[in-house]
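Trainee: Could you walk me through this structure, one feature at a time?
Mentor: Gladly; let us look at it together.

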Number of protein chains: 2
Amino acid sequence: MVKIPHRLYLTEDEMPKQWYNMRADMKELPDPMINPATMKPAAEEDLYPVFCKKLAHQEMDNETRYVDIPDEILEMYKIYRPSPLIRAFNLEKALDTPAKIYYKFEGNNTSGSHKLNSAIAQAYYAKDQGLKGLTTETGAGQWGTALAEACSYFGLPLTVFMVKVSYQQKPFRKAVMQTFDAEVIASPSDTTQIGRKILAEDPNTTGSLGCAISEAVEKAVSSEGYRYVLGSVLNQVLLHQSIIGLESKIAMEKLDEYPDVVIGCAGGGSNLGGLIAPFMQDKLTGKADPRIVAVEPASCPSFTRGKYAYDFCDTGKITPMAKMYTLGSGFIPSANHAGGLRYHGMSPILSKLYHDKYMEAVAVEQSKVFEAAVLFAKKETILPAPESAHAIRAAIDEALRCKESGEKKTILFGLTGTGYFDMTAYEAYHEGRMSDYIPTDEELQKGFDSLPQIP
Amino acid sequence: MVKIPHRLYLTEDEMPKQWYNMRADMKELPDPMINPATMKPAAEEDLYPVFCKKLAHQEMDNETRYVDIPDEILEMYKIYRPSPLIRAFNLEKALDTPAKIYYKFEGNNTSGSHKLNSAIAQAYYAKDQGLKGLTTETGAGQWGTALAEACSYFGLPLTVFMVKVSYQQKPFRKAVMQTFDAEVIASPSDTTQIGRKILAEDPNTTGSLGCAISEAVEKAVSSEGYRYVLGSVLNQVLLHQSIIGLESKIAMEKLDEYPDVVIGCAGGGSNLGGLIAPFMQDKLTGKADPRIVAVEPASCPSFTRGKYAYDFCDTGKITPMAKMYTLGSGFIPSANHAGGLRYHGMSPILSKLYHDKYMEAVAVEQSKVFEAAVLFAKKETILPAPESAHAIRAAIDEALRCKESGEKKTILFGLTGTGYFDMTAYEAYHEGRMSDYIPTDEELQKGFDSLPQIP
């Protein structure tokens, strides 16, 4: 009988040395990206102007099952990895559930989230290719912070387009990025053509992730030696984030445990895709059959109410098109939605897996999410990010169902980050000012109207 | 040859089961507390109206060398402990120093600092005695947050008097405490006699830690079943914080390492006293002779420019008097000082050890502190609390001296916490708005004038 500790840290030697690529085990692959200029499938070379070469290769590589993690990346990983697998003993007791709840905690680094796992990889490959700098966008701020840290570590200049509403509401996120020498610009801005166009149409817009992506891509392709990097959605990002799931699986094996259900919050899919990777491999190869559950906000329900269709990744419609569950690149979530998970689309890999019924999805309302967040904080003494709290909500609901049924399920969920920069939302919750929002079918239709026509 | 990892986590089984009490090994004890009503040494019973009994006993117990940590406390410790011992490989490389730099990182919990170690103990003993609630004060906010977490965990109501300037500048700290159900009151307030008196004298005062202590003590002694708890200075707090040093020493032993110099920031002395405890034991018992260095802000220099004298622990002069290095309870540090380490006095235990030359002290200016903080953040990817950055500054200076001399010293410092709630200060630093302040002798004299006359 293995003694279960509260927190299990693997040693550095036990840390995975390779990422895992789910595409290598998928029966059917995601549909290819389409180059909007030619309306033909994009080739790896088509991506070179936007992404650095190694990352373009990873984006298109559907075959390599395991990808060696370069030593330089492992070296920076070791500053904050392996991350702990934690048994939520106190939460279980509070819920009086027979279920066992584990969570993989990715928030114990200054970026405050799992985003650093891919930021380090992307900054490293860019530096390795001799690039002069990077551009990116950030919404809630975790990705921008993570990339700022990684770029500072590798000595690479960085420009971050930060969604204006976040820029205004989260000045401290900006200050953290500046600590790591990043240039932070509120988006839409007058520094790009697309930004000027959007501002001309609506001078009072508070911005969107899709719009910030457009600006960052434009800036990258128009600046000598610059490339654009993205913190979610992309295949390469899911590859890098597989370290989360790989570590989780090794840690659970050490405890003689295997999850009956794996739960992750889903915005663009980076955390979820990383967390589930080795468990999905078991499913794809017939070794095991855990349930995989994506949790998304009811206010931005791409899996549960979106269309599986080709769409642009950005509002400005300058990126390649991807087949994914999407609300349309013109969809902008309600301003009352707190935190991240605001993206209109979803990882093409996860979209395909969901479409092929390898995973489930649920949508949750934010007042219920914050209720779960506060209970979790009190019992586990970690203040979760609003994004992470979506997974907490679903894990609690699962544990409560186990209480009803008496089932002793093993639940694993991803605690992607901490909420220290989201206290405005917590304040709104405490003071009863938080409201829920579920878009009407008519509102969703407006987003769908922005979907491109594919011949 | 032991392979040195970046981060060493002890297992739960390796975590100390006892705290260590430095007084048991001191050749000469700190002078006793004096009851201002009788001007005689206070007895344990004299403390019962203010502290719960077990804590009053720990406060006065100069003999018990090792104190068993109750299981309930160990259980909550395990949620975030053992904390990692980290080798600052990247910082060493950046400094090009032959020195080895280790730091014990206490910031990976939602309170963001080491304060939780004593908060849990104090909340537990209060609950165990059947008390109805607790009061405390908080300055920078870490202690209030930590105690809110601990009280929430043990189901004990808590009222926090938060220094008004912090209350206004750090609304998010308040929101975190409220997440854990604490009542947070800006101090001075009209809810206490001493608060009303101070407000009457200066309606625009932004408060001080000494004043908030007075209010919290008054509220505790005037509320049925309530007691007061303090997060630093006291002997009991140093006892609880010894877990920091004990874990550090075990971890270093596993690496075949022993520090030549141990460095900690010093406000009231809770982190420093905890970090150095087992190393000071080696010094007191002649087993080893590491240098022990306290680092304090030049703007609040109790060790380096204070007097070793009896003083009140609070501005309202209602607490027992302690013999300590002090700037006088009337001393209020300059408003331009960022973060904590603003207390007028210093732990009586550390004061005695410093007076008897078992340790050294240096004072550092805050612009140099933030310079060190930013370098550390970039290299180690942890954004440090301003308090912790005092120790970083001194550790870097020591490592740079080693570079000059070629000495391969082993340096251990305490990284007490993270700076996520201190971004206003980081912003001021980035924007060149941060100034240094060294009080003049005349200004210090005003504080000394508030020292009590002891017959």
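**Where the chains meet**

Mentor: Start with a salt bridge, meaning a side-chain nitrogen of Lys or Arg within 4 Å of a carboxyl oxygen of Asp or Glu: Lys378(A) and Asp181(B) form one through their side chains, at 2.7 Å from N to O. This is a predicted model, where local features need pLDDT of at least 70 and side-chain atom pairs count only at pLDDT 80 or more, while totals for chains, interfaces and linings use all residues. Residues are numbered from 1 along each chain as its sequence is written, chains are lettered from A and ligands numbered from 1 in the order in which they are written, and side-chain values use heavy atoms, leaving out hydrogens and water.

Trainee: How many salt bridges are there between chain A and chain B?
Mentor: The count is 2. On the side of chain A that touches chain B, α2, α5, α7, α14 and α16 of chain A each supply at least two residues; helices (H or I, at least four residues) and strands (E, at least two) are DSSP runs, numbered from the N terminus. The largest share of that side, 7 residues, is from α7(A).

Trainee: Through which surface do the copies meet?
Mentor: Contact means heavy atoms within 4.5 Å. Chain A gives 45 residues to it and chain B gives 45 residues. The copies meet through the same surface, because 100% of the interface residues of chain A are also interface residues in chain B.

Trainee: What rotation superposes chain A on chain B?
Mentor: Copies are superposed by least squares on the C-alpha atoms of residues with pLDDT of at least 70 in both. Here the rotation is 180 degrees, with 0.0 Å of shift along its axis and an RMSD of 0.0 Å. That is the relation of a two-fold axis. Of the residues of chain A, Asn108(A) comes closest to the axis, its C-alpha lying at 3.1 Å.

Trainee: Is Thr381(B) buried or exposed?
Mentor: Buried means under 20% relative accessible area, exposed over 50%, and partly exposed in between (1.4 Å probe, protein chains only). Thr381(B), at 2%, is buried, whereas Asp256(B), at 63%, is exposed.
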